[in-house]
Amino acid sequence: MLCRLVSTSDGACGAGGRLVMSLLYPTLLLCVSGFFSNLRPSEPFLTAFLMGPDKNLTEVQVVNEIYPVWTYSYLALLFPVFLATDYLCYKPVLLLQASSLVVTYVMLLRTSSVRAMQLTEFFFGLATASEVAYFSYIYSVVAPVHYQRVTGYCRSVTLFGSAVGSLLGQLLLSLAKVQLYYLVVITLTSSALAFVAPWFLPMPKRSLFFHKSPRLMQDGPESSAGLMHGETDTWHTINELRLLSVLQLLFSDFLCCYRCQPLLAWSLWWALATCGYFQVLNYTQVLWEKVRPSQDYDIYNGYVETLSTLLGALAALLVGHLPVCWSVWGELSLSLLSLLMTLCIFGMDLLDNIWTCYSLYVLFRAMYMLLITVATFQIAASLNMQRYALVFGVNTFVALLLQSLLTLVVVDSVGLGLDIYTQFLIYGGYFAFISLVFLGAGLHKLYTRRRSEQEGGSGDETLSNGAPNGNISSS
């Protein structure tokens, strides 16, 4: 009955009631699923759990043999899951994500061998790759005018769930002296609850690529006026496209999008920084375990994860109020903050103090969340929903490809298999490289603008234009 209500255009309840229900019902269910799937009290203590008496795995096994599997799995599954999500209209992949999380934590509880833990990481990689369904499902059941609002709800509830989970885990560990094993049990229970909600979601009748509708082509007045100004939109209004046709359209739009230089610059930072960010997050717990072993001391990873998540969310909210003209100073800002992220990583690695590590980690995450929010807005400002999905999918894929290469060379036992301190020296150098790249790009842009001012006097107008649409569409 509720599914019928979402898709009905006329009825006795009136247009206002149907509109409210069509927004509220799927958004509420999706938020419930997102909250419980991210409520993971065991997450901040995963390394301590694996290397502790419960699993009794060595640092080499955890760092060099088990953790890399998540990176490789995520990379290998991202594109197939992306296509399957659209072809199957989201809901089946939402169920796949929820079930993968359940399998992950069942295996984490019941198995202990290295091979079994590697398979656990594979299922977690499948769950991570399937998150695309969570963030894209809502676009298929609500009108484009509501995209920004419902996106905010869905993203906020995942951050809130993550913060609550970390805080709950720390409180149970510190105050109630609950064993790490039971934190994993609570996480499994939460994942099981998250598995229930998607079953009641209405099945979408359209998607971005395979099952398109005429209304989807009208994302708003900016859908083809920004990046694609003066070009004919190649997206065809038909119900189903063959896989080859979809791939051809994706490749065509890929070429169109990345010919835009400002979009390319922000996408480059996105991919490079996300690669390093994932790598630091994946192995920070191992560094903390070396600095302050959980078998000998009390650890406060949960408090740190909670604080870093909340500060990161706050930074993302406040970024819109910063008096920065990103179209002019974007590259130099990326360079400066990437340099600060470099210093955070070097400080965590070299100072060998747990409180310093905690503080610099919180600062590192906050800066990344701030910059990734800016990059998201700068990239998305003049893209319609189809190209939005394409560009962010490509950026994430490139980030994972770089991360896989970095993992293979630096972390994996097949490669160098370096110890954690040496790894973090390399990660710090990696962010220093990012900072130098964008310092050069920023100085070149300022030099070009200054020269343009001197030669044609048109630079003043360009400098005063901070709107992302104008900047991106000028490719």
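These legends accompany several close-up views of a predicted model.

The model is predicted, so local features need pLDDT of at least 70 and side-chain atom pairs count only at pLDDT 80 or more, while totals for chains, interfaces and linings use all residues. Residues are numbered from 1 along each chain as its sequence is written, and side-chain values use heavy atoms, with hydrogens and water left out.

**View 1. Glu 331 and its polar partner, Lys 445.** Start in helix 13 (residues 326-350), where Glu 331 lies; helices are DSSP runs of H or I with at least four residues, numbered from the N terminus. Glu 331 counts as buried because its relative accessibility is 9% (buried is under 20% relative accessible area, exposed over 50%, partly exposed in between, with a 1.4 Å probe and protein chains only). Its side chain makes a polar contact of 3.0 Å with the side chain of Lys 445. Such a contact is a pair of N or O atoms within 3.5 Å; within protein, one must be able to donate a hydrogen and the other to accept it, and residues adjacent in sequence count only if both atoms are side-chain atoms. Beyond its neighbours within four places in sequence, Glu 331 is in contact (heavy atoms within 4.5 Å) with Ala 265, Phe 438, Ala 441, Gly 442 and Lys 445.

**View 2. Ser 37 in helix 2.** Helix 2 spans residues 15-38 and includes Ser 37, which is buried at a relative accessible area of 8%. Look for Ser 191 here: 154 residues away along the chain, its C-alpha atom is separated from that of Ser 37 by 5.1 Å. Leaving aside neighbours within four places in sequence, Ser 37 is in contact with Leu 101 and Ala 194. The side chains of Ser 37 and Asn 38 are joined by a polar contact of 3.4 Å.

**View 3. Two buried cysteines, Cys 89 and Cys 357.** Cys 89 is buried, at 8% relative accessible area, and Cys 357 is buried too, at 0%. Searching the whole structure gives zero disulfides (pairs of cysteine sulfur atoms within 2.5 Å).

**View 4. Aromatic pairs.** The whole structure has 22 aromatic pairs. Rings of Phe, Tyr and Trp (its six-membered ring) pair if their centres lie within 6.5 Å; planes under 30 degrees apart count as stacked, over 60 as edge-to-face and the rest as tilted. Phe 35 is buried at 17%, whereas Phe 36 is partly exposed at 24%. Trp 70 and Phe 278 are also edge-to-face, with centres 6.0 Å apart and 85° between the planes. Trp 70 lies in helix 4 (residues 59-87) and Phe 278 in helix 11 (residues 261-291), so this pair ties together parts 208 residues apart in sequence. Both Trp 70 and Phe 278 are buried, and ring pairs link them into a cluster with other residues, including Tyr 74, Trp 269 and Tyr 430.

**View 5. The largest cavity.** Its volume is about 40 Å³. Its lining consists of Thr 47, Ala 48, Gln 285, Trp 288, Glu 289, Arg 292, Ile 299 and Asn 301. The largest share of this lining, three residues, comes from helix 11. On a 1 Å grid over the protein atoms alone, a cavity is a set of points where a 1.4 Å probe fits but cannot get out, and lining residues have an atom within 4 Å of a point. Grid points are joined across faces, edges and corners, and a volume is the space filled by probe spheres set on the points.

How values were computed:
Helix = DSSP H or I, 4+ residues; strand = E, 2+ residues; numbered from the N terminus. 1 Å grid on protein atoms, 1.4 Å probe; cavity = no way out; pocket = protein on both sides within 12 Å on 5 of 7 lines; lining within 4 Å.
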